[in-house]
Amino acid sequence: MLFNEIIGQEKVKEKLISTVKDGRISHAQIFLGNEGSGNLAIALAYAQYVSCSNRKEKDSCGQCPSCKKYQKLIHPDLHFVFPVVRNKNFKKPVSNDFLKEWREITIENPYFSAKKWHKKIDANNLKPTIYTSESNEIIKKLNLKTFEADYKVMIIWQIETMNVAGANKLLKILEEPPEKTLFLLISENSERILKTILSRTQLIKVPKIEKLDLKKKLKETFDFEKEEIDDIIHLSNGNYQKALELIENKEDNKILLDLFTNLMRFSYSKKIIEITEWVNEIAKIGREKQKQFLDYALRLIRENFILNIAKEEKKLIFLTKEEKIFSERFCTFININNVFAINKEFNLAHFHISSNANNKIVFLDLAIKLMNLLKIK
Ligand SMILES: [Zn+2]
C-alpha cells in the first residue's frame, strides 16, 4: 500500500512520514479510527514506508523488492494478527490459519469492515476473536530473526477483540519490547481495549474521511450523476466501506424501501389482506435479506424520528432522495411516545429471524404490533 493510495488523511500521513524522517519511530502505535476511515490502510502504507529501501520524500518507492513483497502482503518480516473463528478444520485457530483469506480481502480493499471479514471466513453466528493461543504465535514470530528488513512489523487488526488473557500476554511483550519490532495496533473502539495497553502505545487518531476527499475518490472510480454522488457522500459519513456498500446496494435499497413503505402503510390502515400478501412476499427473499430488511427498517425508523423532531437539522438526517420523499409525510407518525416500542419490535423480529423462527409468523406478528404502535400520538 502506498500513501498515495490512501483516501485523504493528509495530516495523518504527514505526521507518520515525519516520524520516519526524524528517526522517532515509536515501537508500539495504535491507529484508532471508525470503520471505513482507512486505519488499516494507513498502517500498511506506514509499514511499507518504514521498510522501503528506496524511500521517497512522501512515499515508498513501490519498486524495490521490499515494496513488491509488501504489496502482496508476503514480506517475511510482516506479520498479521486478526480475529478468527473455530470451525471443523481449526479447533484452536490462529490468524495464520486464515492468512490466505486475509491477504485476499486486504489486497482487494483495505477499507473492509468487520462484517465483510466475518463473511469472508464464514463466521455465521460465531463471534470472531483473537484467542489466547495467538499470544504464543506472536512470541514465536517475534523470536524469528528479521529476514530482510530493518524492522519486523506486527499488525494487529481489531485488537479490541483480543480476550483478556491474550491482552495481558501482549502487554508483557509491549513492556519489554524486542528490538527493531514495530507493533501497529488497529482499532475502532478504544473503550474495549485494556487501559494498560493503551498507556503503552502511541495514539494515532484516524478521523473520518473528509467529504471532499471521498468525493474525489468516488468520482475517479465511478460514473455518477452529481445528485447521486452527494447523497452517497452524505449517507456514508466519511466511511469509504459504507460508500461502496451504498453503491453496491443501490438496486437492493429500492426493494427495501418498497417493502418498508408497504409494511407501514398496510399496518397503519389495518389492511389485513394486503399484510398477508406482504408477509408472503418477504417470506420468499431468504433469511439474510430479511435481516438486511430489518436493519434497513431500524435505520429508517431512527431517521424518521430525527426528521420529526428536528426537521431543520439537515446535517443530522441521513436519507436518500427517494427515502426523503416518503419520510416527509411518514415521519409525523414516529414520535417520542412510540419510537422505542417500534424499535424494540424490529429488534425482536431480527433476533427471531436470526434464531431461525418461522419467518411468516415473525413478520405477521410485527405487522400486527405496528397497527397499534403507529397510532400512538
Ligand atoms: Zn520501496
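# Reading helices, loops and burial

Q: Where is the place of Asn 124?
A: Look in the loop between α5 (114–120) and α6 (133–143). Helices here are DSSP runs of H or I with at least four residues, strands are E runs of at least two, and both are numbered from the N terminus. Residue numbers start at 1 along each chain as its sequence is written. And keep in mind that this is a predicted model: local features need pLDDT of at least 70, side-chain atom pairs count only at pLDDT 80 or more, and totals for chains, interfaces and linings use all residues.

Q: What phi does Asn 124 have?
A: In general, most residues other than glycine have a negative phi. Asn 124 has a positive phi of about 50 degrees, although it is not a glycine.

Q: Is Asn 124 buried or exposed?
A: Burial is a neighbour count on C-beta atoms placed from the backbone: 20 or more others within 10 Å is buried, 12 or fewer is exposed, and in between is partly exposed. Asn 124 has 9 C-beta neighbours inside 10 Å, so it counts as exposed.

Q: And which phi value does Lys 270 have?
A: Lys 270 has a positive phi too, near 50 degrees, and it is a residue other than glycine. You'll find Lys 270 in the loop between α12 (250–268) and α13 (272–283). With 15 other C-beta atoms within 10 Å, Lys 270 is partly exposed.

Q: How does Cys 52 count, buried or exposed?
A: Cys 52 has 22 C-beta neighbours inside 10 Å, so it counts as buried. Its place is in the loop between α2 (39–51) and α3 (65–71).

Q: Which residues does Cys 52 touch?
A: A contact means two C-beta atoms, placed from the backbone, within 7 Å. Leaving out residues up to four places away in sequence, Cys 52 touches Ser 60, Cys 61, Cys 64, Ser 66 and Cys 67.

Q: Now for helix pairs. At what angle do the axes of helix α9 and helix α10 cross?
A: An axis is a line fitted to C-alpha atoms, for helices over the stretch in contact, and the angle between N-to-C directions runs from 0 to 180 degrees. The axes of α9 (residues 211–221) and α10 (residues 226–236) come within 10 Å and cross at roughly 130 degrees. Under 35 degrees is roughly parallel, over 145 roughly antiparallel, 65 to 115 roughly perpendicular, and the rest oblique. So α9 and α10 are oblique to each other.

Q: Is the crossing of α9 and α10 left-handed or right-handed?
A: Left-handed means the near helix is turned anticlockwise from the far one by less than a right angle, and right-handed means clockwise. The α9 and α10 crossing is right-handed.

Q: Which residues in α9 and α10 meet?
A: From α9 come Lys 211, Leu 214, Lys 215, Leu 218 and Lys 219, and they meet Ile 229, Ile 232, Ile 233 and Ser 236 in α10. For classes, Ala, Val, Leu, Ile, Met, Phe, Trp, Tyr, Cys and Pro are nonpolar, Asp, Glu, Lys and Arg are charged, and the others, Gly among them, are polar. This contact has 5 nonpolar, 1 polar and 3 charged residues.

Q: In which helix does Asp 230 lie?
A: Asp 230 lies in α10. With 14 C-beta neighbours inside 10 Å, Asp 230 counts as partly exposed. The C-alpha atoms of Asp 230 and Lys 215 are separated by 8.0 Å, though the residues are 15 apart along the chain.

Q: At roughly how many degrees do α10 and helix α11 cross?
A: Roughly 135 degrees, with α11 covering residues 240–248 and the axes coming within 9 Å. That makes α10 and α11 oblique to each other. α10 passes α11 in a right-handed crossing. Ile 232, Leu 235 and Ser 236 in α10 meet Lys 242, Ala 243, Leu 246 and Ile 247 in α11. By class, this contact has 5 nonpolar, 1 polar and 1 charged residues.

Q: How are α14 and α16 placed to each other, parallel or antiparallel?
A: The axes of α14 (residues 287–309) and α16 (residues 339–354) come within 10 Å and cross at roughly 170 degrees. They are therefore roughly antiparallel. Residues in the contact include Leu 294, Leu 298 and Phe 305 of α14, and Phe 346, Ala 349 and Ile 353 of α16. Overall the contact divides into 10 nonpolar, 4 polar and 2 charged residues.

Q: How many helices and strands does the protein have?
A: There are 17 helices and 5 strands. Of the 377 residues, 34% count as buried.
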